[in-house]
Amino acid sequence: PSDKYAGGLREKILVNGVAFTASYGDGEWLGYEGNDAEFVIDLEKKQKVSEVSMNFNNKVNDWVHHSNHVIILGSTDGEVFNVIGEKQLRKTGRPIVNVTVKVEGEYSQIKVIAKNQIIPEGFNGAGNPAWIFIDEVEIK
């Protein structure tokens, strides 16, 4: 994530229980400038997983766009990850976009890859890489 946002808390922001805050600059979102958002959540032990959900901020006038493709990978050893679910997303005007990906199996680590996108024509910054702001990943 970018050092411009989230200060020293970094990855703890994704699982701190604070969700749906309105401003991506309030310290409760991780920002990725022109890059895919990619991270691993360690569940500490193998357990059944049925879904992975997360929130994206979507303030398009500020070049902040939700991911258009989310990939979920699972692992039982922290080294080999396999795709266990994914979701393609259409552009929306909602300020916060919640994404839930259904998965099935038992895993000890979950890896999330939220693909960034080039800002589409008709939006501020068209043709440039967007920012992704992500918050509160929940694993059930």
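**Close-ups of a predicted model**

**View 1. A lysine sits over a phenylalanine ring.** The charged end of Lys111 is placed over the ring of Phe81, and the distance to the ring centre is 5.6 Å. Keep in mind that this is a predicted model.

**View 2. Here's another lysine and ring.** This time it's Lys91 that lies over a ring face, the one belonging to Phe123. Lys91 is 5.9 Å from the centre of that ring.

**View 3. Six strands make up an open sheet.** Read across the sheet and the strands come in the order E1-E6-E2-E5-E3-E4, paired in the antiparallel sense. Strand E1 (30-33) and strand E4 (82-88) are the edge strands; each has a single partner strand, so one side of each has no neighbour in the sheet. Going from one strand to the next, the twist averages 25°.

**View 4. Strand E3 meets strand E4.** E3 covers residues 69-75, and its antiparallel pairing with E4 runs over six bridges. Look for His69, which has Gln88 of E4 standing opposite.

**View 5. Now for Asn82, a residue of strand E4.** Is Asn82 buried, exposed or partly exposed? With a relative accessible area of 47%, Asn82 is partly exposed, because partly exposed covers the range between the 20% limit for buried and the 50% limit for exposed. Set aside the neighbours within four places in sequence, and Asn82 touches Ile72, Leu73 and Gly74. Ile134, on the other hand, is 52 residues from Asn82 in sequence, and their C-alpha atoms are 22 Å apart in space.

**View 6. Three aromatic residues form one cluster: Tyr24, Trp131 and Phe133.** A pair of aromatic rings is described by how far apart the centres are and by the angle of the planes. The count of aromatic pairs comes to two. One of them is Tyr24 with Phe133, a tilted pair with 4.5 Å from centre to centre and 35° between the planes. That pair ties together distant parts of the chain: Tyr24 belongs to the segment before E1, while Phe133 is in strand E6 (residues 131-139), 109 residues away. Trp131 and Phe133 also pair up, and they're stacked, at 5.2 Å centre to centre with 15° between the planes.

**View 7. How buried are the cluster residues?** Phe133 has 1% relative accessibility and counts as buried. Trp131 is buried as well, at 11%. Tyr24 has a relative accessible area of 15%, so Tyr24 is buried too, given that the cut-off is under 20%.

Technical notes
Residues are numbered from 1 along each chain as its sequence is written. This is a predicted model: local features need pLDDT of at least 70, side-chain atom pairs count only at pLDDT 80 or more; totals for chains, interfaces and linings use all residues. Side-chain values use heavy atoms; hydrogens and water are left out. Two strands pair if DSSP finds at least two bridges between them. Helices (H or I, at least four residues) and strands (E, at least two) are DSSP runs, numbered from the N terminus. Axes are lines fitted to C-alpha atoms, for helices over the stretch in contact, and angles run from 0 to 180 degrees between N-to-C directions. Buried means under 20% relative accessible area, exposed over 50%, partly exposed in between (1.4 Å probe, protein chains only). Contact means heavy atoms within 4.5 Å. Rings of Phe, Tyr and Trp (its six-membered ring) pair if their centres lie within 6.5 Å; planes under 30 degrees apart count as stacked, over 60 as edge-to-face and the rest as tilted. A charge sits over a ring if NZ of Lys or CZ of Arg is within 6 Å of the ring centre and within 35 degrees of the ring normal.
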